[in-house]
Amino acid sequence: MLYLASKSPRRAELLDRIGQPYRLLDVDVPEVRAPGEAAADYVRRVARDKARAGWALVAGEPGARVLGADTEVVLDDEVFGKPADDADAAAMLRRLSGRTHTVLSAVTVIDAAGERQALSTTEVRFAALADEAIAAYVATGEAMGKAGAYGIQGRAEVFVEHLAGSYSGVMGLPLHETARLLAAPPAAPAQTGGAAVAVAG
């Protein structure tokens, strides 16, 4: 059985598109970037931590697999997480206005044999946003709970002038990379007794 270690309804919706049965696991993992930690390393680590937290709950179940993911918006090496409030959301959108930012989306799959991981990198360019447009968007409530204070699958799609990479990755789960990880044969156990790790993407 595949388990999705995520509270995100968007990830559940995206995983549905692959057509593989799964169950949800409620995990609570701190999302705090360490000093000096590269943005890509941070996103990979959080995805891995979520998958490991989920694996700790189901490791004894034969055939269990756990998928963990993390998605972050990065501008000038600053990671934009979820906004704390409406003012924070508006401030994020003002900074993204008229600029190209990066969306990093990491996926980790863990089974009894080890771990596999992929990282999707997408470049997104926003049009210049008027303060009135930002205020109207924030007022919808859609910005809350989303990295970078926007949901590309919602009203914020009109902000996007150009996208190069994975649309589903910006939503929260890059489907191409996820499908590849789920289709791959189980990782061979490490000879030293530790977890086997294969990084793709």
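**Ground rules.** I number residues from 1 along each chain as its sequence is written, and my side-chain values use heavy atoms, with hydrogens and water left out. The model is predicted, and local features need pLDDT of at least 70, side-chain atom pairs count only at pLDDT 80 or more, and totals for chains, interfaces and linings use all residues.

**Aromatic rings.** I looked up ring pairs (Phe, Tyr and the six-membered ring of Trp, centres within 6.5 Å; planes under 30 degrees apart are stacked, over 60 edge-to-face, the rest tilted). The structure holds three of these aromatic pairs. F126 and F159 have ring centres 5.8 Å apart and planes at 65°, so I noted this pair as edge-to-face. F126 sits in strand β6 and F159 in the loop between α4 and β7, so the pair ties together parts 33 residues apart in sequence. My helices (H or I, at least four residues) and strands (E, at least two) are DSSP runs, numbered from the N terminus. Y137 and F159 are also edge-to-face, at 5.3 Å centre to centre and 75° between the planes. Y137 is buried, and so is F159; buried means under 20% relative accessible area, exposed over 50%, and partly exposed in between (1.4 Å probe, protein chains only). Ring pairs link F126, Y137, Y150 and F159 into a cluster.

**Helix α2.** Among the buried residues of α2 I found Y42, K50 and W55.

Which residues of α2 pair with a charged partner? I searched for a Lys or Arg side-chain nitrogen within 4 Å of an Asp or Glu carboxyl oxygen, and the whole structure gave 14 salt bridges. K50 meets E31 at 3.4 Å, N to O. K50 lies in helix α2 and E31 in the loop between β2 and α2, so the pair ties together parts 19 residues apart in sequence. K50 is buried at 9% relative accessible area, while E31 is partly exposed at 31%. E31, K50, D70 and K82 are linked in a network of salt bridges.

R52 meets E115 at 2.6 Å, N to O. R52 is in helix α2 and E115 in strand β6, so this pair ties together parts 63 residues apart in sequence. I noted R52 as partly exposed at 39% and E115 as buried at 6%.
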